[in-house]
Amino acid sequence: MSELKVGIIGLGIQGETQIKAFRSIPSAKVLAICDSNEERLKLIREKYNIQKVYANYLDLVNDSEIDVVSVCTPDFMHHEFVMAALRAGKHTIVEKPMATSSKEAEEMVNESKKKGVYLMVNFSNRWSPAFRIAKDYVEKGEIGEILHAYSRLNDTIYVPTSMIKWSSKTNTLWFLGSHIIDLLLWYFEDEVEEVYGKRVSKLLVKKGIETADAYQAILQFKNGSIATIENSWVLPQGEPFIVDFKLDLIGEKGAIRIDRSHHGMLKKITYDKYEMPDILRNIDEDTITFVKDGLKALLDSVQSGKTPPVTGDDGLKVTKIIESILESNKRNIPVKV
Ligand SMILES: NC(=O)c1ccc[n+]([C@@H]2O[C@H](COP(=O)([O-])OP(=O)(O)OC[C@H]3O[C@@H](n4cnc5c(N)ncnc54)[C@H](O)[C@@H]3O)[C@@H](O)[C@H]2O)c1
């Protein structure tokens, strides 16, 4: 199989994670990179010895050698780059959340269909082992029809206050909720009909960051089943792991419970800190194994001509659900999706 040439726009935390992941996939080569931050561009170029460097994303998407473009800019800045890549006829991976409005997400889906190229949203947790095994159990009917579910994906306050600089331009539903809503749609294999959402907004605003502390929402599926979700950005920094991630699926015949944040196999305790490092990291490649698997899925699709396992339509569904939760919170009533 020939090597696919990848161009990455946005070289922050996730852009660099993707570079490491692509470099460990034999069918991929990161040929070009782009970032508006010149210093960062130079640093990443030198660190990973990247052949082509673009300060302007239009030059990257129009590079005829590039087969696949990956967009890793902040949550609210995906549309412009994705549209340019699709218009240039490139297969495109967009980081989650696909967009922060369904209008933007819809335009991306339409453009990918018009151009006949793949658009995949990087909902990488679908490749995370526990979630993948759970999908297998659900598909084999081991817990029967899912009646209700609970999922929380929360971060310590370090994430909105120090890790990302643009937290006031997104919120926990876009940043974290998009992951778990996608997982729930995947497991339930049904559409969400109605949502009811609430938020609390006190601590981060007090710290000068204009975004909610946490959202909680109830999702009602068309088949009558229900799910509750929670996404917080204000967990104390003393937590042993930056992410608190749980998922319970309760079915007619059994239940599945996942605790992705409790890495019970590995604890690191020093005089002032208690940590549970991520055990899904491949030390030799310095990659998170499931992130690599997710990106490889798009490359496999390009090479085989088979639709990617996560499509733009999947991303659009998640975007519409989040928009409805935000509207529900604003109007203080349940909202049809
Ligand atoms: N799939 C996952 O599990 C996962 C994990 C982390 C982050 N993400 C997503 O990845 C995206 C990026 O997050 P991050 O944490 O890397 O953010 P970041 O702030 O660390 O990086 C964003 C980068 O985009 C660059 N940028 C901004 N404007 C640009 C422009 N006009 N042209 C080119 N580059 C520009 C910035 O200079 C920066 O280097 C977000 O949407 C985030 O939600 C996904």
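The model is a predicted one, in which local features need pLDDT of at least 70, side-chain atom pairs count only at pLDDT 80 or more, and totals for chains, interfaces and linings use all residues. Residues are numbered from 1 along each chain as its sequence is written.

Let me turn to H6 itself. The helix spans residues 129-139, and Phe131, Ala134 and Val138 are buried in it; helices (H or I, at least four residues) and strands (E, at least two) are DSSP runs, numbered from the N terminus. Buried denotes 20 or more other C-beta atoms within 10 Å of a residue's own, exposed 12 or fewer, and partly exposed in between, with C-beta atoms placed from the backbone. Seen down the axis of H6, the buried residues fall within an arc of 55 degrees, so they line one face of the helix; the arc is that of the directions from the helix axis to the C-beta atoms. On the other side of H6, Ile133, Asp136 and Glu139 are exposed.

Next, the domains. The domain assignment of the chain gives domain 1 (4-124 + 287-310) and domain 2 (129-279), with bounds that come from an automatic or database assignment. The C-alpha centres of domain 1 and domain 2 lie 25 Å apart. Which residue counts describe their contact? Nine residues of domain 1 are in contact with 10 residues of domain 2, where contact requires C-beta atoms, placed from the backbone, within 7 Å.

Note on methods:
Contact = placed C-beta atoms within 7 Å.
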